[in-house]
Amino acid sequence: MTFVEFVDSHTAGEPTRVVVAGGPWLGEGALPERLQRLVREHDAFRSAVVNEPRGSDVLVGALLTEPENRGCATGVIFFNNVGCLGMCGHGTIGVVATLAHLGRIQPGQHRIETPVGTVSALLRENGEVTIENVVSYRYRRDVEVQVPGVGPVRGDVAWGGNWFFLVESPPMELTRANCDRLTEYAWELRCALNRHRITGAGGAEIDHVELSAPAPDADSRNFVLCPGRAYDRSPCGTGTSAKLACLAAEGKLLPGQVWRQKGILGTLFEGSYRMENGSADRIVPSITGRAHITAQGRLIFDPDDPFRDGIRV
Ligand code: PYC
(Lines give C-alpha, C1' and ligand atoms only; values in the text may rest on other atoms or scores of the structure.)
Protein backbone atom coordinates (compact mmCIF):
# COMPACT_ATOMS: atom_id res chain seq x y z
CA MET A 1 0.00 0.00 0.00
CA THR A 2 1.11 3.54 -0.62
CA PHE A 3 -0.52 6.72 0.64
CA VAL A 4 -1.00 10.26 -0.65
CA GLU A 5 -1.95 13.09 1.70
CA PHE A 6 -4.52 15.52 0.35
CA VAL A 7 -6.70 18.49 1.23
CA ASP A 8 -9.92 19.13 -0.70
CA SER A 9 -11.60 22.49 -1.09
CA HIS A 10 -14.01 24.23 -3.38
CA THR A 11 -13.75 27.72 -4.77
CA ALA A 12 -17.14 29.19 -5.68
CA GLY A 13 -18.36 25.60 -6.17
CA GLU A 14 -15.42 24.26 -8.21
CA PRO A 15 -13.41 21.59 -6.37
CA THR A 16 -9.62 21.40 -5.95
CA ARG A 17 -7.68 18.48 -4.47
CA VAL A 18 -4.24 19.58 -3.29
CA VAL A 19 -1.66 16.81 -2.98
CA VAL A 20 0.38 17.87 0.02
CA ALA A 21 2.60 14.78 0.45
CA GLY A 22 3.28 11.47 -1.25
CA GLY A 23 3.26 12.75 -4.82
CA PRO A 24 5.93 11.83 -7.37
CA TRP A 25 9.31 13.59 -7.36
CA LEU A 26 9.46 15.71 -10.50
CA GLY A 27 13.09 16.81 -10.28
CA GLU A 28 14.54 20.25 -9.74
CA GLY A 29 14.11 21.75 -13.21
CA ALA A 30 11.89 24.66 -14.17
CA LEU A 31 8.15 24.15 -13.64
CA PRO A 32 7.38 23.56 -17.35
CA GLU A 33 9.96 20.71 -17.34
CA ARG A 34 8.42 19.24 -14.21
CA LEU A 35 4.99 19.42 -15.83
CA GLN A 36 6.38 17.50 -18.82
CA ARG A 37 7.78 14.86 -16.47
CA LEU A 38 4.39 14.52 -14.78
CA VAL A 39 2.77 14.06 -18.21
CA ARG A 40 5.36 11.58 -19.51
CA GLU A 41 6.15 9.51 -16.43
CA HIS A 42 3.36 9.88 -13.91
CA ASP A 43 0.13 10.07 -15.82
CA ALA A 44 -1.22 7.16 -13.77
CA PHE A 45 -0.73 9.25 -10.64
CA ARG A 46 -2.67 12.17 -12.18
CA SER A 47 -5.52 9.87 -13.10
CA ALA A 48 -5.50 8.09 -9.74
CA VAL A 49 -5.87 11.36 -7.81
CA VAL A 50 -8.67 13.04 -9.78
CA ASN A 51 -10.56 10.38 -11.69
CA GLU A 52 -13.19 7.99 -10.36
CA PRO A 53 -13.35 6.12 -8.04
CA ARG A 54 -11.44 8.65 -5.84
CA GLY A 55 -12.49 11.75 -7.75
CA SER A 56 -14.74 12.87 -10.58
CA ASP A 57 -14.53 14.60 -13.96
CA VAL A 58 -14.95 18.00 -12.39
CA LEU A 59 -12.15 17.72 -9.83
CA VAL A 60 -8.94 19.70 -10.43
CA GLY A 61 -5.78 18.35 -8.82
CA ALA A 62 -2.88 20.47 -7.60
CA LEU A 63 0.50 18.88 -6.98
CA LEU A 64 2.66 21.00 -4.70
CA THR A 65 6.31 21.09 -5.64
CA GLU A 66 9.39 22.90 -4.32
CA PRO A 67 9.56 26.35 -5.93
CA GLU A 68 12.63 27.18 -8.01
CA ASN A 69 12.63 30.62 -6.43
CA ARG A 70 12.88 30.15 -2.66
CA GLY A 71 10.98 33.41 -2.20
CA CYS A 72 7.81 31.67 -3.39
CA ALA A 73 5.46 29.91 -0.97
CA THR A 74 5.25 26.88 -3.27
CA GLY A 75 5.29 25.66 -6.82
CA VAL A 76 2.18 23.96 -8.13
CA ILE A 77 1.16 21.91 -11.15
CA PHE A 78 -2.55 21.65 -11.86
CA PHE A 79 -4.19 18.71 -13.58
CA ASN A 80 -7.64 17.39 -14.39
CA ASN A 81 -9.43 14.30 -15.70
CA VAL A 82 -7.56 14.35 -19.03
CA GLY A 83 -4.20 16.08 -18.52
CA CYS A 84 -2.35 19.05 -17.06
CA LEU A 85 -3.29 22.74 -16.99
CA GLY A 86 -0.95 25.72 -17.39
CA MET A 87 -2.67 27.70 -14.65
CA CYS A 88 -5.87 27.47 -12.69
CA GLY A 89 -7.44 30.47 -10.98
CA HIS A 90 -9.95 28.72 -8.75
CA GLY A 91 -7.25 26.13 -8.02
CA THR A 92 -4.73 28.77 -6.94
CA ILE A 93 -7.30 30.18 -4.52
CA GLY A 94 -7.80 26.58 -3.29
CA VAL A 95 -4.02 26.13 -2.85
CA VAL A 96 -3.80 29.35 -0.80
CA ALA A 97 -6.72 28.27 1.42
CA THR A 98 -5.10 24.85 1.83
CA LEU A 99 -1.70 26.27 2.81
CA ALA A 100 -3.46 28.54 5.33
CA HIS A 101 -5.50 25.58 6.67
CA LEU A 102 -2.25 23.64 7.18
CA GLY A 103 -0.69 26.63 8.96
CA ARG A 104 2.00 26.92 6.27
CA ILE A 105 1.11 30.53 5.39
CA GLN A 106 -0.51 33.46 7.19
CA PRO A 107 -2.64 36.30 5.83
CA GLY A 108 -0.55 38.53 3.58
CA GLN A 109 1.07 38.50 0.17
CA HIS A 110 2.49 35.26 -1.27
CA ARG A 111 4.01 34.17 -4.55
CA ILE A 112 3.29 30.87 -6.25
CA GLU A 113 5.13 29.33 -9.20
CA THR A 114 3.10 27.71 -11.95
CA PRO A 115 4.29 26.22 -15.25
CA VAL A 116 3.18 29.37 -17.11
CA GLY A 117 4.68 31.90 -14.70
CA THR A 118 4.70 33.17 -11.15
CA VAL A 119 1.43 34.49 -9.77
CA SER A 120 0.90 36.38 -6.54
CA ALA A 121 -1.84 35.86 -4.01
CA LEU A 122 -3.08 38.13 -1.26
CA LEU A 123 -4.72 36.15 1.55
CA ARG A 124 -7.00 38.35 3.65
CA GLU A 125 -7.93 37.78 7.31
CA ASN A 126 -11.51 36.95 6.24
CA GLY A 127 -10.25 34.14 3.98
CA GLU A 128 -10.75 36.02 0.73
CA VAL A 129 -7.93 35.62 -1.78
CA THR A 130 -6.92 37.93 -4.61
CA ILE A 131 -4.62 36.39 -7.15
CA GLU A 132 -2.64 38.45 -9.60
CA ASN A 133 -2.49 36.18 -12.61
CA VAL A 134 0.05 35.85 -15.42
CA VAL A 135 0.00 38.43 -18.24
CA SER A 136 -3.15 37.88 -20.28
CA TYR A 137 -4.08 39.05 -23.76
CA ARG A 138 -6.51 38.77 -26.61
CA TYR A 139 -4.79 36.94 -29.44
CA ARG A 140 -7.43 37.11 -32.19
CA ARG A 141 -10.64 39.11 -32.43
CA ASP A 142 -13.98 38.12 -33.93
CA VAL A 143 -12.95 34.79 -35.45
CA GLU A 144 -15.63 32.83 -37.29
CA VAL A 145 -15.86 29.05 -37.07
CA GLN A 146 -18.39 26.79 -38.78
CA VAL A 147 -19.94 24.43 -36.24
CA PRO A 148 -21.84 21.43 -37.65
CA GLY A 149 -25.54 21.56 -36.80
CA VAL A 150 -25.14 25.10 -35.44
CA GLY A 151 -23.78 27.27 -38.24
CA PRO A 152 -21.18 30.04 -38.01
CA VAL A 153 -20.12 31.07 -34.51
CA ARG A 154 -17.96 34.13 -33.85
CA GLY A 155 -15.68 34.70 -30.90
CA ASP A 156 -12.33 35.90 -29.60
CA VAL A 157 -9.24 33.81 -28.85
CA ALA A 158 -7.54 34.88 -25.61
CA TRP A 159 -4.90 33.73 -23.14
CA GLY A 160 -5.57 33.94 -19.40
CA GLY A 161 -3.12 31.24 -18.28
CA ASN A 162 -5.00 28.73 -20.49
CA TRP A 163 -6.32 29.22 -24.04
CA PHE A 164 -9.95 30.26 -24.41
CA PHE A 165 -12.45 30.80 -27.20
CA LEU A 166 -14.92 33.38 -25.90
CA VAL A 167 -18.41 33.69 -27.32
CA GLU A 168 -20.95 36.38 -26.41
CA SER A 169 -24.65 35.49 -26.09
CA PRO A 170 -24.88 31.86 -27.29
CA PRO A 171 -28.27 30.66 -28.59
CA MET A 172 -29.38 29.16 -25.26
CA GLU A 173 -29.81 30.84 -21.87
CA LEU A 174 -26.95 30.50 -19.39
CA THR A 175 -28.84 28.67 -16.65
CA ARG A 176 -28.09 25.55 -14.64
CA ALA A 177 -31.06 23.85 -16.26
CA ASN A 178 -29.30 24.25 -19.61
CA CYS A 179 -25.94 22.80 -18.56
CA ASP A 180 -26.29 19.70 -20.76
CA ARG A 181 -27.15 21.77 -23.84
CA LEU A 182 -24.42 24.30 -23.07
CA THR A 183 -21.91 21.46 -22.70
CA GLU A 184 -22.96 19.96 -26.05
CA TYR A 185 -22.77 23.35 -27.79
CA ALA A 186 -19.39 24.27 -26.29
CA TRP A 187 -17.95 20.83 -27.03
CA GLU A 188 -19.02 20.94 -30.69
CA LEU A 189 -17.51 24.40 -30.90
CA ARG A 190 -14.22 23.25 -29.41
CA CYS A 191 -14.06 20.26 -31.80
CA ALA A 192 -14.75 22.59 -34.73
CA LEU A 193 -11.95 24.94 -33.62
CA ASN A 194 -9.55 21.99 -33.53
CA ARG A 195 -10.72 20.68 -36.91
CA HIS A 196 -10.30 24.11 -38.52
CA ARG A 197 -6.90 24.49 -36.83
CA ILE A 198 -7.94 27.67 -35.08
CA THR A 199 -5.38 27.87 -32.29
CA GLY A 200 -3.78 30.08 -29.72
CA ALA A 201 -0.30 31.56 -30.21
CA GLY A 202 2.33 29.18 -31.58
CA GLY A 203 -0.33 26.67 -32.65
CA ALA A 204 -1.41 25.97 -29.05
CA GLU A 205 -4.67 24.06 -28.77
CA ILE A 206 -7.66 26.04 -27.54
CA ASP A 207 -8.97 23.70 -24.86
CA HIS A 208 -11.41 25.95 -22.95
CA VAL A 209 -14.62 27.47 -24.30
CA GLU A 210 -16.24 30.39 -22.47
CA LEU A 211 -19.83 31.41 -23.22
CA SER A 212 -21.01 34.70 -21.74
CA ALA A 213 -24.26 36.61 -21.52
CA PRO A 214 -25.47 39.72 -19.71
CA ALA A 215 -26.62 39.17 -16.11
CA PRO A 216 -29.02 41.42 -14.20
CA ASP A 217 -27.01 41.26 -10.96
CA ALA A 218 -23.42 41.09 -12.26
CA ASP A 219 -21.46 42.40 -15.21
CA SER A 220 -21.73 39.08 -16.98
CA ARG A 221 -22.56 35.42 -16.41
CA ASN A 222 -20.46 32.68 -17.94
CA PHE A 223 -20.35 28.99 -18.67
CA VAL A 224 -16.86 27.56 -19.12
CA LEU A 225 -16.22 24.15 -20.61
CA CYS A 226 -12.92 22.64 -19.48
CA PRO A 227 -10.63 20.33 -21.52
CA GLY A 228 -12.12 17.07 -20.21
CA ARG A 229 -15.73 18.10 -21.01
CA ALA A 230 -16.60 19.05 -17.43
CA TYR A 231 -17.96 22.56 -16.93
CA ASP A 232 -16.42 24.88 -14.40
CA ARG A 233 -18.72 25.31 -11.40
CA SER A 234 -16.96 28.59 -10.59
CA PRO A 235 -16.69 31.66 -12.85
CA CYS A 236 -13.21 30.31 -13.81
CA GLY A 237 -10.18 32.38 -12.81
CA THR A 238 -8.24 31.96 -16.04
CA GLY A 239 -11.47 32.38 -18.03
CA THR A 240 -12.25 35.62 -16.20
CA SER A 241 -8.67 36.74 -16.92
CA ALA A 242 -9.16 36.01 -20.64
CA LYS A 243 -12.46 37.90 -20.52
CA LEU A 244 -10.80 40.93 -18.88
CA ALA A 245 -8.12 40.85 -21.61
CA CYS A 246 -10.82 41.01 -24.30
CA LEU A 247 -12.69 43.80 -22.51
CA ALA A 248 -9.47 45.78 -22.06
CA ALA A 249 -8.47 45.32 -25.72
CA GLU A 250 -11.94 46.46 -26.77
CA GLY A 251 -11.75 49.56 -24.52
CA LYS A 252 -14.79 48.35 -22.57
CA LEU A 253 -13.10 48.12 -19.15
CA LEU A 254 -10.57 50.53 -17.70
CA PRO A 255 -7.57 49.59 -15.53
CA GLY A 256 -8.69 49.24 -11.91
CA GLN A 257 -12.37 49.08 -12.80
CA VAL A 258 -14.11 46.14 -11.10
CA TRP A 259 -15.78 43.44 -13.22
CA ARG A 260 -18.22 41.15 -11.39
CA GLN A 261 -18.15 37.79 -13.13
CA LYS A 262 -20.90 35.36 -12.26
CA GLY A 263 -20.48 31.66 -13.00
CA ILE A 264 -23.11 29.14 -14.00
CA LEU A 265 -23.96 28.30 -10.34
CA GLY A 266 -24.47 32.00 -9.59
CA THR A 267 -21.23 32.37 -7.61
CA LEU A 268 -19.02 35.42 -8.19
CA PHE A 269 -15.41 36.36 -8.84
CA GLU A 270 -14.41 40.01 -8.86
CA GLY A 271 -11.85 40.92 -11.48
CA SER A 272 -9.85 43.97 -12.43
CA TYR A 273 -6.57 44.58 -14.22
CA ARG A 274 -3.53 46.74 -14.57
CA MET A 275 -1.74 47.30 -17.84
CA GLU A 276 1.53 45.44 -18.27
CA ASN A 277 3.52 48.03 -20.22
CA GLY A 278 1.20 50.98 -20.47
CA SER A 279 -0.85 49.15 -23.09
CA ALA A 280 -4.30 47.60 -22.73
CA ASP A 281 -3.21 44.88 -25.17
CA ARG A 282 -1.40 42.98 -22.44
CA ILE A 283 -2.86 43.07 -18.97
CA VAL A 284 -2.19 41.69 -15.51
CA PRO A 285 -5.55 40.50 -14.18
CA SER A 286 -6.52 40.28 -10.50
CA ILE A 287 -9.21 37.83 -9.47
CA THR A 288 -10.82 37.74 -6.04
CA GLY A 289 -12.66 34.74 -4.62
CA ARG A 290 -12.83 32.44 -1.65
CA ALA A 291 -12.26 28.74 -1.10
CA HIS A 292 -13.65 26.51 1.64
CA ILE A 293 -11.91 23.38 2.91
CA THR A 294 -14.13 20.31 2.53
CA ALA A 295 -11.93 17.33 3.40
CA GLN A 296 -8.47 16.22 4.46
CA GLY A 297 -7.05 12.74 4.43
CA ARG A 298 -5.06 10.00 2.74
CA LEU A 299 -5.68 8.41 -0.61
CA ILE A 300 -4.84 4.73 -0.45
CA PHE A 301 -3.14 2.95 -3.35
CA ASP A 302 -3.71 -0.78 -3.06
CA PRO A 303 -1.61 -2.77 -5.56
CA ASP A 304 -4.48 -5.29 -5.88
CA ASP A 305 -7.03 -2.60 -6.75
CA PRO A 306 -7.97 -2.97 -10.45
CA PHE A 307 -8.78 0.77 -10.46
CA ARG A 308 -5.75 1.87 -8.46
CA ASP A 309 -4.85 4.32 -11.27
CA GLY A 310 -8.39 5.67 -11.59
CA ILE A 311 -10.85 5.09 -14.39
CA ARG A 312 -9.33 6.98 -17.29
CA VAL A 313 -11.58 9.14 -19.37
O1 PYC B 1 -10.36 28.73 -12.43
O2 PYC B 1 -8.85 28.98 -13.98
C3 PYC B 1 -9.71 28.32 -13.42
C4 PYC B 1 -10.06 26.98 -13.95
C5 PYC B 1 -9.54 26.38 -15.06
C6 PYC B 1 -10.14 25.13 -15.15
C7 PYC B 1 -11.02 25.02 -14.11
N8 PYC B 1 -10.96 26.16 -13.39
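**Ligand shell**

I looked up what surrounds the ligand in this predicted model. The shell holds Glu14, Cys88, Gly89, His90, His208, Cys226, Asp232, Cys236, Gly237 and Thr238. By type, the shell has three nonpolar, five polar and two charged residues. For this sorting, Ala, Val, Leu, Ile, Met, Phe, Trp, Tyr, Cys and Pro are nonpolar, Asp, Glu, Lys and Arg are charged, and the others, Gly among them, are polar.

My ground rules were as follows. Residues are numbered from 1 along each chain as its sequence is written, and side-chain values use heavy atoms, without hydrogens and water. Local features need pLDDT of at least 70 and side-chain atom pairs 80 or more, while totals for chains, interfaces and linings use all residues.

**Polar contacts and burial**

A polar backbone atom of Gly89 is 2.7 Å from a ligand oxygen. For His90, a backbone N or O atom lies 2.8 Å from an oxygen of the ligand. A polar backbone atom of Gly237 is also 2.7 Å from a ligand oxygen. Taken alone, the ligand exposes 250 Å², and the protein buries 99% of that. The areas come from the Shrake-Rupley method with a 1.4 Å probe.

Which elements give two or more residues to the shell? I found helix H3 (89-101) and helix H5 (237-249). Helices (H or I, at least four residues) and strands (E, at least two) are DSSP runs, numbered from the N terminus.

**Salt bridges**

I searched the whole structure and found 20 salt bridges (a side-chain nitrogen of Lys or Arg within 4 Å of a carboxyl oxygen of Asp or Glu). In one of them, Arg274 pairs with Glu132, and the closest N and O atoms are 3.0 Å apart. Arg274 is in strand S15 (residues 268-275) and Glu132 in strand S8 (residues 128-132), so the pair ties together parts 142 residues apart in sequence.

Most residues other than glycine have a negative phi, and most peptide bonds are trans. I noted a cis peptide bond between Glu52 and Pro53, with omega about 5 degrees. Pro53 is in the loop between helix H2 (43-50) and strand S3 (60-65). Ala12 has a positive phi, near 55 degrees. Ala12 is in the loop between strand S1 (2-11) and strand S2 (14-21).

Note on methods:
A residue is near a molecule or strand if one of its heavy atoms lies within 4 Å of it. A polar contact is a pair of N or O atoms within 3.5 Å; within protein, one must be able to donate a hydrogen and the other to accept it, and residues adjacent in sequence count only if both atoms are side-chain atoms.
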